[in-house]
Every structure is written in C-alpha cells, then in structure tokens.
Amino acid sequence: MFNINELLEKIALGEDSTIEFKRELGAKTSNKVSMGGEITAFANSNGGVILIGVDDDGKIIGVTSEQLKKDEKTIIEICNDSIKPVVNIATQKLLIEGKNILKIEVPRSLFVHKSPTGYFIRQGSSKREMQPEQLARLMQSRSQAGIIRFDEQAVPHTNINTLQESLYQRFIPDNNINEKLDLEKLDLQKRNLLHQDGSATVAGVLMCSQNSDDYLYNSFIQAVCYNGVEKDANYQIDAQDFKGVLDQQIINAFKFVKQYNKVSATKEVGRTERPQYSMKAIFEAIVNAVVHRDYSKSGSKIRLFIFSNRLELYSPGALSNTLAVDTLISNQITRNELLTRLLSEIELDGDIKVNRRYFLERRGEGVGIIIRESEQLSGIQPIYKMNEEELQLTIFPAKSLQDENDE
C-alpha cells in the first residue's frame with residue numbers, strides 16, 4: 001500500500017483512517033482481542049496498514065527479531081481463528097532506521113467481518129463499533145448471501161394486516177384465495193412477504209402496502225420538472241411524490257417523464273417524429289433505480305429531475321459488492337433479490353409500450369438498453385457516477401428536428 005518513503009511520511013503525520021501504530025502486540029489475550037478489532041475495522045472500511053514497533057506518537061521503537069516472528073504468527077492466527085469470516089492480510093518485515101517493524105496490510109474486503117467483540121469500522125484514527133442500521137447497510141452493499149438480505153427483514157410495528165389482500169394475492173397460488181387465514185399466512189411466509197415472527201417484511205411492505213412510506217421512510221420516488229438547467233423553484237413546472245406499491249411508483253414516474261418528453265416532428269410528407277428521450281430507456285432506468293436502491297437508507301429517496309438539457313435520476317446506496325460504475329453494463333449483481341423476483345412476476349399494463357411483458361425480465365440487459373437507446377437518439381452517451389453513497393444517472397435529450405434542420 002505504501003513504499004518506504006511514503007510510509008515514513010505517513011508515520012510523521014500520525015494515525016488516520018488508513019494507518020494504525022502499535023508499540024507492541026503483547027502476549028495478553030486482551031491485546032490480541034484489540035488487534036482483532038483493528039483488523040476488522042480496516043477490512044470493513046477501505047483497508048489500511050497496521051505497524052507494530054511504532055509508538056502512538058509516531059516514534060519508531062522497533063521489536064526484536066524473535067518477537068517479530070512471534071507477532072507475525074500471532075497476527076495470522078488472529079485473522080484465521082478469531083475473525084469471522086477469515087480476513088486475508090499481507091505481512092511484511094521491514095527494517096526502518098535500523099529497527100525491526102512488522103507491517104500488516106489489510107485490504108478492503110468484499111465481506112463484512114466480525115471480531116471477538118463485535119463489528120467494527122474505521123473512523124479517523126479510531127475503530128468504532130457499528131450501529132445496527134450501519135451494519136445492515138454495509139452487509140447489504142457487500143451482498144453477503146445467507147447473512148442478511150435487507151428486503152427479507154422484518155419491519156417493526158407491522159403484521160399480516162399491514163399487507164393488502166388484493167396486492168399480495170398476486171404472489172400466492174390462486175387455489176388458496178378462499179382458504180383460511182392460517183394457510184394464507186403460511187403462503188405469505190413462503191414468499192417471504194411475511195416474516196416468521198408475524199411481521200411484514202421489507203419486500204412485503206413495498207409490494208403489498210399502499211402506505212409503505214409509513215413504515216419505510218422515504219421509500220418513494222420524488223419527481224420534479226424544471227423549465228431551465230438548474231434546480232430553481234422559480235422555474236419549477238411540476239413536482240410530485242409517487243408513493244404506494246413499487247410497481248405503481250414505477251408506472252407513475254414513467255408517465256411523469258412521458259408527459260414532459262417533448263416530441264418534435266417534420267411537416268413534410270411522411271411525417272417524422274423524434275422524442276427527447278427514449279421511453280424504453282426511461283422505463284429501464286426507473287426500474288433499476290427501484291430494484292437496486294438501498295432501502296436501509298431511510299434518509300434518502302429516489303429523485304428524478306427533468307431539466308431543459310438533461311434528465312437526472314438518483315438512487316440511494318453504494319454499488320453492491322465488486323460492482324463499479326465502469327462495469328455496470330457488463331456485470332449483474334442484485335441488491336434486492338426478493339424485490340427482483342416479485343417484479344418479474346407482475347405483468348405490465350398495455351398502456352406502457354416498452355416491448356416487454358413483465359416489469360423485470362431478469363436478463364441483466366437494463367443498463368445496456370439505457371445506454372444504447374439513449375445514445376442512438378441523442379448521440380450522447382448517458383453518464384453514471386457515484387456521489388458518495390448515491391448512484392446518479394444523467395441522460396441527455398435528442399435535438400428537436402427543427403433545430404437540426406436550422407443548423
């Protein structure tokens with residue numbers, strides 16, 4: 001991570017979110033437990049380096065050659081035996097200013113790790129134990145199947161009555177429609193719409209309750225249209241919040257864009273029309289935002305903005321696991337697998353003309369369609385970028401046929 005010169009500079013500047021000093025590892029069990037916490041904190045954050053043989057104030061103390069070997073062995077044992085799942089580290093024995101230093105390089109992990117005393121994350125020069133909500137977000141963003149899936153978690157203060165029968169019957173067998181409540185409850189639990197404790201799940205609330213925002217704050221789409229290029233209330237044309245079940249949110253947001261999607265046309269014989277935006281691309285973009293957003297982030301909502309020179313769509317949540325902005329088109333990793341399955345079972349209304357039968361086809365073609373359809377229409381490739389823990393998509397409109405003919 002750092003060469004010797006960079007390491008000396010880091011030591012001189014002191015501890016921060018990427019480097020930790022330890023005068024010695026020590027033989028006490030408490031020291032080993034503390035070291036386990038430091039390693040997991042780096043692995044659960046963005047990685048970092050631990051130096052054994054450097055005092056807290058940055059003074060290089062060093063350790064004996066014999067102790068160097070013992071410490072290296074102990075560190076490996078901590079990573080393999082005390083941390084779950086195992087953390088892969090790299091150790092290096094260094095001679096700095098004539099003194100032995102053990103360098104432990106901890107990479108940012110694809111998993112979330114637990115030390116003997118809990119789940120930690122690095123903040124500044126210290127480790128901090130993660131709060132439940134923070135832990136849930138991190139586990140979800142790193143896609144640990146079998147450990148936690150947020151859309152299958154129970155929602156507090158809900159029960160089977162939170163879910164509307166007309167909505168959940170879309171997902172359970174028709175032959176049970178007239179059965180007793182206990183059998184119906186069993187079906188809901190099998191589909192993970194109802195938790196084993198009797199509470200509605202996150203997916204159950206989002207897909208089967210018109211009042212989902214009462215239980216999952218900000219679980220809606222906010223849409224605003226401006227007659228300009230900036231967010232300015234003086235130029236606001238329309239603003240709506242689309243709440244309720246997710247499939248209806250998608251339809252309403254789609255119709256909102258369609259309403260303000262200007263279409264130019266030629267007056268010659270054989271009339272030609274050109275919309276600003278491909279509605280097929282817009283539909284894919286909205287569905288992707290709904291399916292892949294991080295519903296554990298209650299402080300954010302999906303936001304859709306239409307300006308005179310672009311359309312912006314924001315979806316809360318960092319990219320899952322190993323996904324990166326430049327690999328979105330070629331990789332497919334689902335954050336909310338249950339929501340994805342449920343939306344793939346709902347047929348689209350005939351009014352939504354996007355050449356598909358269901359809300360979601362599950363072929364991993366969404367990003368490719370968004371980029372291809374939009375670029376063919378406008379000549380400008382859409383832009384994906386991360387704004388901290390929020391994914392932003394910008395799509396540019398096609399020129400009107402009149403403007404093109406005037407050039």
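Modeller: Happy to; we will look at the sheet and the helices on it, and then stop at one residue. Keep in mind that this is a predicted model.

Let's begin with the strands. Four of them make an open sheet, and reading across it the order is β1-β2-β4-β3, with mixed pairing. The edges belong to β1 (19–22) and β3 (90–96); each has a single partner strand, so one side of each has no neighbour in the sheet. From one strand to the next, the twist averages 20°. In one example you can find yourself, Ile-19 has Val-49 in β2 as its bridge partner.

Next come the helices. Helix α1 (residues 4–13) packs on the sheet, where it touches β1, β2 and β3, and its direction makes about 80° with that of β3. Helix α2 (residues 29–44) lies across β1, β2 and β4 (99–106), and it runs at about 155° to β2.

Finally, let's visit Asp-151, in the loop between α4 (132–141) and α5 (165–168). Is this residue buried or exposed? Asp-151 counts as buried because its relative accessibility is 0%, and the cut-off for buried is under 20%. Leaving aside residues up to four places away in sequence, Asp-151 touches Thr-201, Val-202, Ala-203, Asn-336, Glu-337, Leu-338 and Leu-339.

Definitions and conventions. Residues numbered from 1 in each chain as written. Predicted model: local features only at pLDDT ≥ 70, side-chain atom pairs only at ≥ 80, totals over all residues. Heavy atoms only, no water. Helix = DSSP H or I, 4+ residues; strand = E, 2+ residues; numbered from the N terminus. Buried < 20%, exposed > 50% of the residue type's maximum accessible area, 1.4 Å probe, protein only. Contact = heavy atoms within 4.5 Å. Pairing = 2+ DSSP bridges. Axes fitted to C-alpha atoms, helices over the stretch in contact; angles between N-to-C directions.
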